[in-house]
Number of protein chains: 2
Amino acid sequence: MLNIRRLSANATGFRKELDQLLAWETVSNDAVNDIVKEVVLAVKSKGDAALLEYTARFDRLQLKSGSDLEIPTSELHAALERIPQDQREGLEISAERVRDYHQKQIQNSWSYTESDGTLLGQQVTPLDKVGLYVPGGKAAYPSSVIMNAIPAKVAGVKELIMVVPTPDGVVNDMVLAAAAICGVDRVFTLGGAQAVAALAYGTETVPQVDKIVGPGNIFVATAKRMVFGTVGIDMIAGPSEILVYCDGKTNPDWIAMDLFSQAEHDEDAQSILVTQDAAFADQVHESMSRLVKTLPREEIITKAITDRGAIIVVDDEEQAMEMINIIAPEHLELSVEDPQALLPKIRHAGAIFMGRYTAEALGDYCAGPNHVLPTSRTARFSSPLGVYDFQKRSSLIMCSADGASELGKIAAVLADGEGLQAHAASARYRIKKD
Amino acid sequence: MLNIRRLSANATGFRKELDQLLAWETVSNDAVNDIVKEVVLAVKSKGDAALLEYTARFDRLQLKSGSDLEIPTSELHAALERIPQDQREGLEISAERVRDYHQKQIQNSWSYTESDGTLLGQQVTPLDKVGLYVPGGKAAYPSSVIMNAIPAKVAGVKELIMVVPTPDGVVNDMVLAAAAICGVDRVFTLGGAQAVAALAYGTETVPQVDKIVGPGNIFVATAKRMVFGTVGIDMIAGPSEILVYCDGKTNPDWIAMDLFSQAEHDEDAQSILVTQDAAFADQVHESMSRLVKTLPREEIITKAITDRGAIIVVDDEEQAMEMINIIAPEHLELSVEDPQALLPKIRHAGAIFMGRYTAEALGDYCAGPNHVLPTSRTARFSSPLGVYDFQKRSSLIMCSADGASELGKIAAVLADGEGLQAHAASARYRIKKD
């Protein structure tokens with residue numbers, strides 16, 4: 001049998017065991033920090049020259065000049081022509097569905113006028129320039145290009161700049177094809193901390209952006225943290241997680257495979273089954289033990305399930321909901337008869353997959369919602385990547401003469417109370433003299 | 001004459017000089033980092049005992065037990081009774097106007113159903129618990145309590161926990177009164193990195209929260225950066241800034257005082273006037289030189305204006321707009337005849353104060369919009385504090401049997417393309433067998 005932790009929600013010491021199971025902190029050690037700091041400072045001060053040097057060193061790619069770093073748009077379209085027809089169609093349908101869904105997230109400017117003529121509101125505008133980091137090599141995912149690029153484009157971002165390392169010059173056609181489909185404006189063959197630094201500060205060749213999004217390894221994540229403030233960044237993602245809640249009436253093979261679809265991402269991924277049906281828990285465990293052997297990524301799955309997986313048996317639906325809100329999972333499957341009835345009880349989850357047919361994998365690729373989701377319990381305070389991450393707001397205040405006079409009186413009193421007399425004087429200038 | 005930088009937008013080397021003027025990086029030095037790390041770890045491991053020790057050391061306040069850290073709600077209401085009537089009314093009107101405005105920001109859950117019965121959408125929920133840091137001593141601002149607490153409460157945050165240091169046991173009645181008005185749920189007499197750590201990890205007495213907001217000194221800011229990820233945080237604010245664009249037809253005294261209302265915050269604050277009218281620039285300079293002497297905070301203002309202030313003369317309105325979008329100011333005053341006509345050209349600003357009557361100070365206290373705004377050019381990618389900072393979203397996906405079958409085919413192709421076979425298998429289980 002596949003080795004997986006079996007827990008009962010009522011056992012002594014359960015909560016402590018659960019907390020230990022969930023604990024995760026992405027810590028950059030000092031060595032990583034030092035390397036990243038050096039790379040970031042070098043790119044900031046030497047620009048293209050530093051990029052060429054690091055690309056030669058880390059990606060074993062000798063380029064003559066800064067302009068060689070750019071992959072021309074024609075190459076993206078050539079890749080789109082090259083890939084198999086079913087992959088091309090898959091990417092195109094995925095992009096279309098993701099676009100349709102994200103268009104519902106567009107926020108619009110609003111304002112209202114008070115009875116004295118004072119106008120208040122917010123003006124919503126897109127970011128000017130966004131950088132999209134795409135990992136190269138093994139973890140090169142075209143779906144990730146779609147999920148990051150489409151919301152930016154839907155928001156109206158004028159220039160979307162993608163960086164993707166091409167170690168030893170190897171490019172991933174599906175990734176380039178996805179960039180073509182999404183309308184990425186420029187692509188540079190750059191990776192690691194040097195790519196992040198180039199986007200944050202700009203070089204002779206790479207434009208400076210306003211925000212950097214996209215997944216990456218510990219060097220990329222550390223560099224993003226370092227440049228945060230100079231540019232915006234998205235969340236630093238932890239390992240992927242899934243919590244499946246099942247009433248015991250879904251095919252156990254389906255549930256086993258759904259759990260594996262997270263576990264196969266990497267050895268730190270976390271898959272948890274919650275059910276009130278102890279016999280069903282056994283069946284899923286049996287399915288997992290049988291099915292794992294059929295999968296190419298058996299080794300990764302086995303380690304992830306053994307180290308960080310769990311099957312938790314609860315008393316009833318209510319206790320299951322409690323479990324969900326404690327765990328605040330990135331992906332939540334509600335494999336039950338009436339999942340909508342449970343929604344009002346769910347306070348924290350990145351994405352909620354409802355019903356027996358809604359495999360989490362459908363959301364990863366083509367259902368429409370974003371697959372960039374809050375991990376490591378951060379769904380308690382954050383949201384899926386969306387159009388709102390590429391829009392920003394400016395407050396609007398336009399006081400009428402009457403409005404300014406009335407507000408001026410209040411502001412002056414409070415400013416004096418805070419000892420800020422220039423504020424008070426500035427407000428009093430606008431009070432009407434009788 | 002008050003010493004202020006006078007620049008012409010067309011002079012040689014202007015852009016370089018502007019960039020230097022705008023440059024600002026909040027850097028925590030190693031000494032601060034080390035102290036904060038020690039404090040955070042001590043609170044995480046020793047809880048209340050560490051809080052009592054640091055409060056005795058840093059705030060010279062000897063408390064016997066954890067429960068002494070809490071200021072009972074009755075004391076907040078007593079403070080509200082104690083303060084002068086005009087201050088009480090000012091705070092109450094301010095809170096009401098801020099509440100009215102922020103209610104317009106509430107985001108609601110949404111969903112739609114596709115023709116095959118598949119449902120997609122987002123569920124919007126409030127954060128459970130939020131911590132609000134309020135500085136003590138000199139920079140104790142009741143308006144800051146209102147601006148941070150009201151959006152959280154409007155969002156539906158269940159428990160809002162405020163921390164405010166009371167050095168030597170001195171409490172600020174206006175701050176406590178504001179907390180009473182805003183319905184803050186619990187208040188603890190805690191400050192510095194220890195307060196942030198207590199909120200992030202929880203102690204025997206202080207509840208663990210999901211997000212920490214509010215301004216603070218370099219120790220507080222460093223601690224917030226350190227606990228980010230375990231909890232959410234708001235932006236780390238830099239010094240306050242204002243850019244006033246004036247067509248030359250507003251009373252120069254008004255403009256001078258508006259510039260001072262930011263400069264008086266602290267010596268690093270930045271006040272910039274942009275105008276196409278060189279004679280008006282002289283008039284404002286004259287007003288500033290005369291008015292600064294009338295203000296209690298003359299010394300702070302003089303230093304801020306001399307070190308970081310500027311008067312920039314431009315050719316015309318178009319060049320003024322260019323200036324605004326480069327500077328991306330926290331506060332932007334459009335002191336012109338038809339400010340609304342300029343809005344479509346403004347891409348980056350925290351808050352836009354329109355017309356000659358709309359002093360920035362009105363927005364600080366009672367106009368309605370939030371006074372917590374993006375500083376140091378971060379308006380390029382971020383927004384005023386709002387209800388949206390206390391709400392979060394969960395994606396909703398509920399596939400019909402037909403929908404899952406069609407999506408399953410696409411997902412399987414793309415998952416295979418990415419080498420993720422468990423994803424592919426999980427999707428294929430949902431494809432209908434003919």
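Predicted model: local features only at pLDDT ≥ 70, side-chain atom pairs only at ≥ 80, totals over all residues.
Helices and strands are taken here as DSSP runs, helices (H or I) having at least four residues and strands (E) at least two, with numbering from the N terminus.

A:Glu330 sits in the loop that links α13 (317-327) to β13 (331-335) of chain A, whereas A:His331 belongs to strand β13 of chain A. Buried means under 20% relative accessible area. A:Glu330 has a relative accessible area of 5% and is therefore buried; A:His331, at 2% relative accessibility, counts as buried too. The side chains of the two residues also meet: that of A:Glu330 makes a polar contact with that of A:His331 at 3.5 Å.

Leaving aside residues up to four places away in sequence, A:Glu330 touches A:Pro239, A:Ser240, A:Glu241, A:Gly350, A:Ala351, A:His371, A:Leu373, A:Pro374 and A:Thr375.

Next comes the relation between the chains. Chain B is superposed on chain A by a rotation of 180° with 0.0 Å of shift along its axis, at an RMSD of 0.0 Å. The two copies are thus related as by a two-fold rotation axis. Both copies use the same surface, since 100% of the contact residues of chain B recur in chain A.

Six strands of chain B make up an open sheet with mixed pairing, in the order β2-β7-β6-β5-β8-β9. At its edges are β2 (70-71) and β9 (232-233) of chain B, each of which pairs on one side only. Within the sheet, strand β5 (residues 129-133) of chain B pairs with strand β6 (residues 159-163) of chain B in the parallel sense, over five bridges. B:Gly131 stands opposite B:Ile161, a residue in β6(B). A helix accompanies these strands: α9 (residues 218-227) of chain B lies across β5, β8 (211-213) and β9 of chain B, and runs at about 160° to β8(B).

Definitions and conventions. Residues numbered from 1 in each chain as written. Chains lettered and ligands numbered in written order. Heavy atoms only, no water. Buried < 20%, exposed > 50% of the residue type's maximum accessible area, 1.4 Å probe, protein only. Contact = heavy atoms within 4.5 Å. Polar contact = N/O pair within 3.5 Å; in protein donor to acceptor, adjacent residues only side chain to side chain. Least-squares fit on C-alpha atoms with pLDDT ≥ 70 in both. Pairing = 2+ DSSP bridges. Axes fitted to C-alpha atoms, helices over the stretch in contact; angles between N-to-C directions.
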